[in-house]
Every structure is written in structure tokens, then in C-alpha cells.
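The sequence and the model come first, and the text follows.

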Amino acid sequence: MAIDMVTVYDVPPDKLIRAVAEKLKKEKKAEPPEWTRWVTTGVHKEKGPEQEDWWYVRLASVLRKIYIMGPIGTSRLAAEYGGKEDRGSKRYKARKGSRAIVRKALQQLEELGYVKKDKNGRTVTPQGRSFMDNTAHEIMKDLVKENPQMEKYLK
């Protein structure tokens, strides 16, 4: 059973984001800011997130988006987390997500050494790429254990 060069693209995003969020939570290097208990994730939302560990999930999601789409800036990342705003009887309107959340997440990921600032935006560092690929590798091992037929796609 040889698993060679598994990357972020090879595993389901939901499993990857959940696993990366758990690792970030265990490391305890990135702490959620105190305002995360009261914040909404954008002007298109009425209520805040209900998950207790939503901050770590957002960090993992931002890291994955930078890995896939990088180099990318804060405005584009905020648009990725946006949605449609309910304006009553008027038509829905596309709105960006909270840029404060994106900026704080990027700052924390930079402190961890997973993301760096470039002239074109944020990119994943080799350390961040290794972290994400190793996590994807662990997930792929679990997927192959669950379904041995998936091993043929790894070669």
C-alpha cells in the first residue's frame, strides 16, 4: 500500500478542513480573539456562528483557500466568504463577508508561519504546504482503510 504525493486536491475538502481545524486547536498557538463570541461573519448574516470552534474551522478554510487560489488578497477572500443579503421585498444582493475576520485569520496564520505576504497577495509557505499535505496524507490513509478500492487512484 504505497501512498505517494497526496495533496490537498486529492481529499474531500470537508474532511481536510475539519482535520486541520483539530490540529490548529490542539497546537494552541492560534487563539480566537475575544470578539469572536459576538461577531457575525458578514453583513448578510443575522446571527453569529453556532459552533464553539468556528474560529479554527475558519482558519483551516482560509489556509485551504490560499493553498488552492493563492496568491490572494483580503478583499477576494472576504468575497469568498460572502453571501446574498436579504433586503426585504427588493432583490437579493451579493455581499462580501467580514474582512476583519479574514485579516485576523491571515495575521494568525502568518504568525504560525503557514502564510506569507507577497506583492500579489498572500501565499502558502513551504511549511504551510507541508502541514496541509501531511494532513491530506493522513486523511487519505483513513479513506483507503475505509474503502480499499480507493487505493487504485493513488498510483
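This is a predicted model: local features need pLDDT of at least 70, side-chain atom pairs count only at pLDDT 80 or more; totals for chains, interfaces and linings use all residues.

The residues of the contact of α1 with α2 divide into ten nonpolar, one polar and three charged. Helix α1 covers residues 13-27 and helix α2 covers residues 54-69; their axes lie 8 Å apart, and the packing angle is about 120°. That angle makes α1 oblique to α2. On the α1 side the contact is formed by P13, L16, I17, R18, V20, A21, L24 and K25, and on the α2 side by Y56, V57, L59, A60, S61 and R64.

Helix α1 also packs against α5. The axes of this pair come within 10 Å and cross at roughly 125°, and α1 and α5 are therefore oblique to each other. The crossing of α1 and α5 is right-handed. From α1, residues K15, L16, A19, V20, K23, L24 and E27 take part; they meet F131, M132, T135, A136, E138, I139, L143 and E146 of α5. By class, the α1 and α5 contact holds nine nonpolar residues, one polar residue and five charged residues.

The remaining pair described here is α2 with α5. Their axes are 11 Å apart and the angle is about 105°, which makes α2 roughly perpendicular to α5. L63, R64 and Y67 of α2 make this contact with R129, F131, M132 and D133 of α5. The contact of α2 with α5 has four nonpolar residues, no polar ones and three charged ones.

The table lists the axis geometry of these pairs.

| Helix pair | Angle between axes | Axis separation |
|---|---|---|
| α1 and α2 | about 120° | 8 Å apart |
| α1 and α5 | roughly 125° | within 10 Å |
| α2 and α5 | about 105° | 11 Å apart |

How many residues of α2 are buried? The helix is mostly covered, with 14 of its 16 residues buried. From its first C-alpha to its last, α2 reaches 22 Å, close to the 22 Å expected at 1.5 Å a residue.

Helix α5 runs over residues 126-146 and has 21 residues; its end-to-end C-alpha reach is 30 Å, close to the 30 Å expected at 1.5 Å a residue. Buried positions in α5 are G128, F131, M132, D133, T135, A136, I139, M140, L143 and V144. These buried residues of α5 pack against α1, α2 and strand β4 (121-124).

## Position T74

T74 is located in helix α3, which spans residues 74-80. Because its relative accessible area is 15%, below the 20% cut-off, T74 counts as buried. Neighbours within four places in sequence left aside, T74 is in contact with R99, V102, R103, L106 and R122.

## The chain as a whole

The protein chain contains five helices and four strands. Their order along the sequence is α-α-α-β-β-α-β-β-α. The C-alpha trace spans about 55 × 35 × 30 Å along its principal axes. Of the 155 residues of the protein chain, 43% count as buried. Among contacts between residues at least 6 apart in sequence, 67% join residues at least 24 apart.

Note on methods. Residues are numbered from 1 along each chain as its sequence is written. Side-chain values use heavy atoms; hydrogens and water are left out. Axes are lines fitted to C-alpha atoms, for helices over the stretch in contact, and angles run from 0 to 180 degrees between N-to-C directions. Helices (H or I, at least four residues) and strands (E, at least two) are DSSP runs, numbered from the N terminus. Angles under 35 degrees count as roughly parallel, over 145 as roughly antiparallel, 65 to 115 as roughly perpendicular and the rest as oblique. Contact means heavy atoms within 4.5 Å. Ala, Val, Leu, Ile, Met, Phe, Trp, Tyr, Cys and Pro count as nonpolar, Asp, Glu, Lys and Arg as charged, and the others, Gly among them, as polar. The expected span of a helix is 1.5 Å times one less than its number of residues. Buried means under 20% relative accessible area, exposed over 50%, partly exposed in between (1.4 Å probe, protein chains only). A crossing is left-handed if the near helix is turned anticlockwise from the far one by less than a right angle, and right-handed if clockwise.
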